[in-house]
Amino acid sequence: MVRKIIHIDMDAFYASVEQRDFPALKGKPVVVGGSPDGRGVVATASYEAREYGIKSAMSAKVAVRLCPYAVFVKPRFEVYQQVSRAIREIFQRYTDLIEPLSLDEAYLDVTEDKMGIGSAIDIAREIKNAIREELNLTASAGVSVNKFIAKIASDMDKPDGLTFIGPSRIERFMEQLPVSKFFGVGKVTAEKMKKQHLLTGADLKKLSEERLVQLFGKSGKFYYRMVRGIDHRPVVPHREIKSISVEDTFPEDLEKEEELFEKLKYLSGLLHQRLLKKQLYGRTLTLKVKFSDFKQLTKSLSKNHVYRAPEEILATAYQLLKEMNTADRKIRLMGIGCANFEWPDMSSSSDVYQPTLFS
């Protein structure tokens, strides 16, 4: 059976809720997040603010430099939770197979919908209309036969978009897609692909799975499947994130302390970005090191408070590396992970937190 998957992504969710509840903010560059006077970060920005280059996870100080007239609003998570629950109630009219990714986006499997509509496009349109009429907000929807394509589709016509990519279009669509649009391809990987003259899905498709693995490690297997539109992952209701981690396999083995420190600095920043995106903060940090002989060590440190700043992540990871006593051993891979998530102190104005998964 061909699956019918919808990915719903709310448009500038936090900022749109603020503009809805406070009409004076409509049409203005609104930034929801911490204060630019402290170490605040951007949780989300309205489309007016995005025109200035302001993005989620950006430092509030950078945001105010990009747009001095931006209106900074402290997040009201209790309100966003209420709205998120209302959105979920709309989803549940059509299916119980709902996989939340955050407060503002989710996958829906409507292969067999509860209302017997049959058409995933019609269901997506009804959901969008209900969100607009009942909540006075807009959402974008992507419809396809798997999660990967549906998620890409939902981002193609924002805001308030609806994009369908059917089975007959997938292969051609993926061939034309820039590699930077692939899920899991960040700036570093995109730049590495560019150096290999891999600019589109068609370029990736020319390479064998073995060659992709040689170039990009285990992610190569993922790229091999995705460029062919192959994604058998089911929609999993009530998914709970247990840990978030990042790792990097080096082009050449490293052993100099300053080189390892720079890699840890990069990984710490990357992990912080991912934690910030999910708005999850944990008390346990783990460092993984794989040596040139493929032997592997891991070491963890738990604290009585959550890891918040990239500087603290870096300092702890560097401490763990020194405790491993890696002197005179060449390292081919390092990874940093965070787990043991807890509810942090919501009273701090310098940090931004988000409840998990349609709490």
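Pro 100 stands opposite Ala 106, a residue of strand 6. The structure is a predicted model, in which local features need pLDDT of at least 70 and side-chain atom pairs count only at pLDDT 80 or more, whereas totals for chains, interfaces and linings use all residues. Residues are numbered from 1 along each chain as its sequence is written, and side-chain values use heavy atoms, with hydrogens and water left out. Helices (H or I, at least four residues) and strands (E, at least two) are DSSP runs, numbered from the N terminus.

Strand 5 and strand 6 (residues 105-109) run antiparallel and are joined by four bridges; two strands are taken to pair if DSSP finds at least two bridges between them. An open sheet is formed by five strands in the order 5-6-1-7-8, with mixed pairing. Strand 5 (98-102) and strand 8 (162-164) each have a single partner strand and stand at the edges, so one side of each is left without a neighbour in the sheet. From one strand to the next, the twist averages 15°. Helix 4 (residues 77-91) lies across strand 1 (5-10), strand 5 and strand 6, and runs at about 155° to strand 5; for such angles, axes are lines fitted to C-alpha atoms, for helices over the stretch in contact, and the values run from 0 to 180 degrees between N-to-C directions.

Leu 162 is located in strand 8. Leu 162 counts as partly exposed because its relative accessibility is 27%, where buried means under 20% relative accessible area, exposed over 50%, and partly exposed in between (1.4 Å probe, protein chains only). When residues up to four places away in sequence are not counted, Leu 162 touches Ile 121, Ala 124, Arg 125, Lys 128, Ala 141, Val 143 and Asp 157, contact meaning heavy atoms within 4.5 Å. Leu 162 and Leu 199 are 37 residues apart in sequence, and their C-alpha atoms are 26 Å apart in space.

Helix 13 (residues 310-324) comprises 15 residues and reaches 21 Å from its first C-alpha to its last, close to the 21 Å expected at 1.5 Å a residue, the expected span being 1.5 Å times one less than the number of residues. Ile 313, Leu 314, Thr 316, Ala 317, Tyr 318, Leu 320, Leu 321 and Met 324 are buried in this helix, and what covers them includes helix 12 (257-278), strand 10 (282-291), strand 11 (296-302) and strand 12 (331-341). Just after helix 13, a positive phi of about 55° is taken by Asn 325.

Side chains of opposite charge can pair when their charged atoms come close. A search of the whole structure finds 21 salt bridges, a salt bridge being a side-chain nitrogen of Lys or Arg within 4 Å of a carboxyl oxygen of Asp or Glu. One of them joins Lys 205 and Glu 175 (3.1 Å, N to O), linking distant parts of the chain, with Lys 205 in helix 9 (residues 201-205) and Glu 175 in helix 7 (residues 167-176), 30 residues apart. Another joins Glu 247 and Lys 288 (2.6 Å, N to O); Glu 247 lies in strand 9 (residues 243-254) and Lys 288 in strand 10, 41 residues apart. Glu 247 is partly exposed, at 34% relative accessibility. Helix 13 is also involved, as Lys 299 and Glu 323 meet in a salt bridge (3.8 Å, N to O), with Lys 299 in strand 11 and Glu 323 in helix 13, 24 residues apart. Lys 299 is partly exposed at 31% relative accessibility, and Glu 323 is likewise partly exposed, with a relative accessible area of 42%. A network of salt bridges links Glu 18, Arg 20, Asp 21 and Arg 76.
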